[in-house]
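Hi,

Here is the structure I promised to pass on.

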Amino acid sequence: MPHAVASDGTRIAYQVSGGGPPLLLLAGQANNHHWWDRVRADFDTHFRTITVDYRGTGASDKPETDYSTVLFADDVICVLDSLDLERAHVYGTSMGGRVAQWVAARHPERVRALILGCTSPGGTHAVERSREVRASLAQSDPGRSRHALLELMYTREWLGRNPGPYNTLGDPDMPAHAKLAHLRASNGHDAWDALPSISAPTLVLHGTDDLLSSVENAPLLAERIPNSRMLLLPGARHAYFEEAHAVAGAAAIGFLAEP
């Protein structure tokens, strides 16, 4: 598996498939590139897709240092540099959407078009998840905590038709220090002041029944970012990109194909 080398020497693993214009796909917090496994093939028919194992996940190095969404964005740019790609489309979901905000704001010349899915601007302007949701994820019983996360990701009907495995519940091989570093990185994100500087055409996607990252964040992003539009997916939860892929995938591909 190829690796890019970040400025601090950390090796960042990446994966490339498909053919066409380059499309960078960014996963959620504490997840590796398998986050995209269920839907990647559809994108591969139109794009040369590039996924990344964030530092702390997958085949990337796992240094015991502070992580941030800005640092993850810099790692992503190192991957594009390693591939000799001047520009790419960027599609980030959940924490990946937070990372994508920094990629587009700090490196506007590298982003052709931007998609932000099930994410938020962070900081005091973001609409945070409820105390009840936080409590459901913090249960001491791992089985109950996992079940709560599954139901935040997918509807019960979809879970009944799709028994797994599920690739959106976190990288099972992450060391404890990396999980904590990812949590702190996502919680510390605040790109509010940088959002108006994003110049790439932007599509904001969000499921209307997302309780993990409130759908109220979608209009905040769309109103804050110039040249942006928003599509809400009725009834979808956090992993809308899988459960509502027939609509969300087509919308993403159509948006990225625009001249």
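**Pockets and one serine**

By class, seven nonpolar, one polar and two charged residues line the second largest pocket. Here Ala, Val, Leu, Ile, Met, Phe, Trp, Tyr, Cys and Pro count as nonpolar, Asp, Glu, Lys and Arg as charged, and the others, Gly among them, as polar. This is a predicted model, where local features need pLDDT of at least 70 and side-chain atom pairs pLDDT 80 or more, while totals for chains, interfaces and linings use all residues. Residues are numbered from 1 along each chain as its sequence is written, and side-chain values use heavy atoms, with hydrogens and water left out.

A pocket is an open set of points on a 1 Å grid over the protein atoms alone, where a 1.4 Å probe fits, with protein on both sides within 12 Å along at least five of seven lines; lining residues have an atom within 4 Å of a point.

The largest pocket has about 1300 Å³ (the space filled by probe spheres set on the points, which are joined across faces, edges and corners). Its lining has 44 residues, with Q29, A30, L137, L149 and L169 nearest the centre.

S145 sits in helix α5 (residues 142–153); helices are DSSP runs of H or I, at least four residues, numbered from the N terminus. Leaving aside neighbours within four places in sequence, S145 is in contact (heavy atoms within 4.5 Å) with S136, L137 and Q139.

Cheers

Key: Helices (H or I, at least four residues) and strands (E, at least two) are DSSP runs, numbered from the N terminus.
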